[in-house]
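Please read the notes below alongside the sequence and the coordinates.

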Amino acid sequence: MSGLPAGHPSRRGTRARGERSRAASAALHAVLVLASLVALFPIAFIALVSLRGESGWAHPMEMAGFTLANYAQVLGRTGFATWFLNSAVVAAGTMLVGVLISASAGYAVSRMRFPGHRSLMWSFLVFQMFPVAVLIVPLYNLLGRLGLLDSHGGLIVTYCSVAVPFCAWMLKGYFDSIPADIDEAGRVDGLTPFGTFWRLIVPLARPGLAVTAFYTFLTAWGEVAFATQFLSSEEHYTLAVGMQTFVGPHRAEWGLLTASAVLIMIPAGLLFFFAQKHLVAGLTAGGSKG
């Protein structure tokens with residue numbers, strides 16, 4: 001068969017199973033390029049408008065008159081720095097508390113058998129089905145009774161209540177992929193259940209914890225509805241609330257709004273850049289581990 005020409009049917013039959021043809025590869029790459037352009041177009045459009053000054057929104061596609069005036073005004077003449085710091089505090093607090101609670105709950109349900117452990121995980125999924133509009137009123141009343149309205153602590157509690165159920169369910173699946181023999185080895189060495197979790201399981205679960213940290217951070221960083229309803233003092237405004245002051249019934253400063261939108265993408269982008277290795281491993285672990 002080695003003497004047959006390249007185009008012979010027997011030659012074509014020796015192609016490895018699962019190997020794509022050139023036409024299929026070209027079509028796949030074309031779809032990926034199109035999807036990338038669709039995803040990047042809004043970001044590129046906002047960045048272009050932010051560089052066009054105050055009147056950039058009127059003619060957004062003109063490739064002239066670029067300036068950093070909007071960025072200078074946002075950083076120097078508005079409360080953007082305060083909003084940014086407040087959002088960083090809330091997002092970091094949500095990430096730390098959310099990861100701690102999610103990891104503890106996910107590990108407990110994965111390794112321990114106690115009355116109601118199955119219904120607990122199903123209740124986590126049910127909680128995710130409630131829309132934000134339904135949760136605002138009861139959470140507002142609850143935070144009011146606890147004295148946590150118009151505070152960063154109240155927002156952290158709120159965001160954790162939204163993010164923890166999903167993260168706990170996700171981490172439970174990740175902990176299931178870690179052999180239980182490791183826990184038994186820890187107990188043989190005299191470790192307590194918490195010691196086994198902290199010293200043996202947590203290092204192995206870094207990819208899953210990275211996904212959880214990224215998800216909880218984004219939940220708090222870009223949330224609008226709860227922050228708008230629960231914050232009333234300007235010194236407590238987060239970015240989601242502060243940026244709404246740029247657009248009102250009598251004025252619309254689109255240049256400042258787009259410049260702010262570009263600036264708030266930087267922390268999330270940096271976090272993704274440094275955590276992307278663990279994120280990819282964490283997202284694929286459920287399908288690659290037995």
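In which helix do Asp176 and Lys172 lie, and how many residues apart are they? Asp176 and Lys172 both lie in helix α7, four residues apart, which is about one turn of the helix.

1. On the basis of the model: this is a predicted model, in which local features need pLDDT of at least 70 and side-chain atom pairs count only at pLDDT 80 or more, while totals for chains, interfaces and linings use all residues. Residues are numbered from 1 along each chain as its sequence is written, and side-chain values use heavy atoms, with hydrogens and water left out.

2. Asp176 and Lys172 meet through their side chains in a salt bridge at 3.0 Å, N to O, the term requiring a side-chain nitrogen of Lys or Arg within 4 Å of a carboxyl oxygen of Asp or Glu. Asp176 is partly exposed at 38% relative accessibility, and Lys172 is also partly exposed, at 25%; buried stands for under 20% relative accessible area, exposed for over 50%, and partly exposed for what lies in between (1.4 Å probe, protein chains only).

3. Asp183 counts as buried at 3% relative accessibility, whereas Arg111 is partly exposed, with a relative accessible area of 21%.

4. On helix α9: the twelve residues of α9 (residues 193–204) should span 16 Å at 1.5 Å a residue, and the end C-alpha atoms are 16 Å apart, which agrees; the expected span is 1.5 Å times one less than the number of residues. The buried residues of α9 are Gly195, Thr196, Phe197, Ile201 and Val202, and what covers them includes α4 (80–111), α7 (152–176), α8 (181–188) and α10 (206–221).

5. On the aromatic pairs: a search of the whole structure finds 15 aromatic pairs. The rings of Phe194 and Trp198 are stacked, since their centres are 6.4 Å apart and their planes at 5°; rings of Phe, Tyr and Trp (its six-membered ring) pair if their centres lie within 6.5 Å, and planes under 30 degrees apart count as stacked, over 60 as edge-to-face and the rest as tilted. Phe194 and Trp198 are four residues apart in helix α9, or about one helical turn, and both Phe194, at 56% relative accessibility, and Trp198, at 54%, are exposed. Phe217 and Trp221 are likewise stacked, with centres 5.5 Å apart and planes at 15°, but here Phe217 is buried at 10% and Trp221 is buried at 8%. Ring pairs also link Tyr107, Phe175, Phe194, Phe197 and Trp198 into a cluster.

6. On Thr216: this residue lies in helix α10 and counts as buried, at 0% relative accessibility. A polar atom of the Thr216 side chain lies 3.0 Å from the backbone oxygen of Ala213. Leaving aside neighbours within four places in sequence, Thr216 is in contact (heavy atoms within 4.5 Å) with Thr94, Met95, Gly98, Val99, Ala163 and Cys167.

Notes: Helix = DSSP H or I, 4+ residues; strand = E, 2+ residues; numbered from the N terminus. Polar contact = N/O pair within 3.5 Å; in protein donor to acceptor, adjacent residues only side chain to side chain.
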